[in-house]
Amino acid sequence: MQKCTGEIFNWLNSDDYYNPGALKTVAQIFFDQKVDVVCGKSTIFNNATSYVSEPSTWFDVQNNIAINPRINQPATFYKMTVIKELGSLNQNLHYCMDLEWWMKYLFKHGSSKVSKTEDVLVNFREHANSKTVSLAEKFIEDKCLLYGGILAKKNNSKNTIGN
C-alpha cells in the first residue's frame, strides 16, 4: 500500500476481475466530493453456480451497535486519503483485515459518506483452493479476534476503535 499513488483504493484478488465499465462507474460516483467509499455488488461464481452478492453492509454507529457488518471487499472502493487515515492492516488478522478497516471507518465516520451502487462491479471466483472456500473456519476465528479486540479497547478506553 505504500506504493499506491492513485486517489482511489481497491483491493482485487488475483483470480477476480472487474466488470467492463466498473472503474468508470466508481470514478463517476467519486466525482461527488462528499463520498469517501463506494460499495457495489459482486458476482460470485465457481464451476457450477453463480449469484450476485449484495454491497457491503453497515451498522448503527450512533448507538455503537455492531451486528455482523459485512464487507464485499472486492467491490468496495475507498478514497486513498481514507486508507492512509485508517492505517496499515492488522498483522494479527489473516482473513478479516478488510473487515477491520471497514469497521474502523464506520466507527470513525459513520455511513453518511458511503455511496452504495446496485451495479455489479466485480467477479469473485470461488474454488477449492481459495481461502474463502478451503479455510472458512479461519474467518470465524479472525472475527472472534477482531470483535474481542474491539470490546477490549472499548472497555479500556470507553471509546470506539476509530479513536
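## A look inside a predicted fold

Take the contacts in the protein (heavy atoms within 4.5 Å) between residues at least 6 apart in sequence: 71% of them join residues at least 24 apart. This is a predicted model, where local features need pLDDT of at least 70 and side-chain atom pairs count only at pLDDT 80 or more, while totals for chains, interfaces and linings use all residues. Residues are numbered from 1 along each chain as its sequence is written, and side-chain values use heavy atoms, with hydrogens and water left out.

**Overall layout**

The protein has 5 helices and 6 strands. Both are DSSP runs numbered from the N terminus: helices are H or I with at least four residues, strands are E with at least two. Reading from the N terminus, the order is β-β-α-β-β-β-α-α-β-α-α. Of the 163 residues, 42% count as buried. Here buried means under 20% relative accessible area, exposed means over 50%, and partly exposed is in between, using a 1.4 Å probe and protein chains only.

**Helix α3 and the cores**

Let's start with α3, which runs over 97-109. This helix has 13 residues and reaches 18 Å from its first C-alpha to its last, close to the 18 Å expected at 1.5 Å a residue; the expected span is 1.5 Å times one less than the number of residues. How much of α3 is buried? The count is 11 of its 13 residues, so the helix is largely enclosed by the rest of the structure. The buried stretch includes M97, D98, L99 and E100, and also W101, W102 and Y105. Just after the helix, G110 takes a positive phi of about 75°.

The largest nonpolar core has 19 residues, and V37, Y78, W102 and Y105 have the most contacts inside it. A nonpolar core is a set of buried Ala, Val, Leu, Ile, Met, Phe, Trp, Tyr and Cys residues joined through side-chain atoms within 4.5 Å. β3 (37-45), α2 (80-86) and α3 each supply at least two residues of this core, and α3 gives the most, with 7 residues. A second, separate core of 10 residues includes V26, I29, V35 and V38.

V38 is in strand β3. At 0% relative accessibility, V38 counts as buried. Residues up to four places away aside, V38 touches V26 and I29, along with F30, A75, T76, F77, S115 and T117.

**The cavity**

Which residues line the largest cavity? They are F9, N10, W11, I71, Q73, T76, Y78, D98 and W101. On a 1 Å grid over the protein atoms alone, a cavity is a set of points where a 1.4 Å probe fits but cannot get out, and lining residues have an atom within 4 Å of a point.

The lining divides into 5 nonpolar, 3 polar and 1 charged residue. β5 (76-79) and α3 each supply at least two of the lining residues.

**Pairs brought together across the sequence**

Here are some residue pairs with their separations.

| Pair | Apart in sequence | C-alpha to C-alpha |
|---|---|---|
| N19 and L121 | 102 residues | 5.3 Å |
| N13 and R125 | 112 residues | 9.0 Å |
| V38 and K79 | 41 residues | 8.8 Å |
| I8 and V26 | 18 residues | 9.1 Å |

N19 is found in the loop between β2 (17-18) and α1 (22-30). Leaving aside neighbours within four places in sequence, N19 is in contact with V120, L121, V122 and N123.

N13 lies in the loop between β1 (8-9) and β2. N13 is partly exposed, with a relative accessible area of 25%. Beyond four places in sequence, N13 is in contact with Q73 and F124. Q73 also lines the largest cavity.

I8 lies in strand β1 and, at 38% relative accessibility, counts as partly exposed. With residues up to four places away not counted, I8 touches V26, F30, F77, Y78 and M80.

Technical notes. On a 1 Å grid over the protein atoms alone, a cavity is a set of points where a 1.4 Å probe fits but cannot get out, and a pocket is an open set with protein on both sides within 12 Å along at least five of seven lines; lining residues have an atom within 4 Å of a point. Ala, Val, Leu, Ile, Met, Phe, Trp, Tyr, Cys and Pro count as nonpolar, Asp, Glu, Lys and Arg as charged, and the others, Gly among them, as polar.
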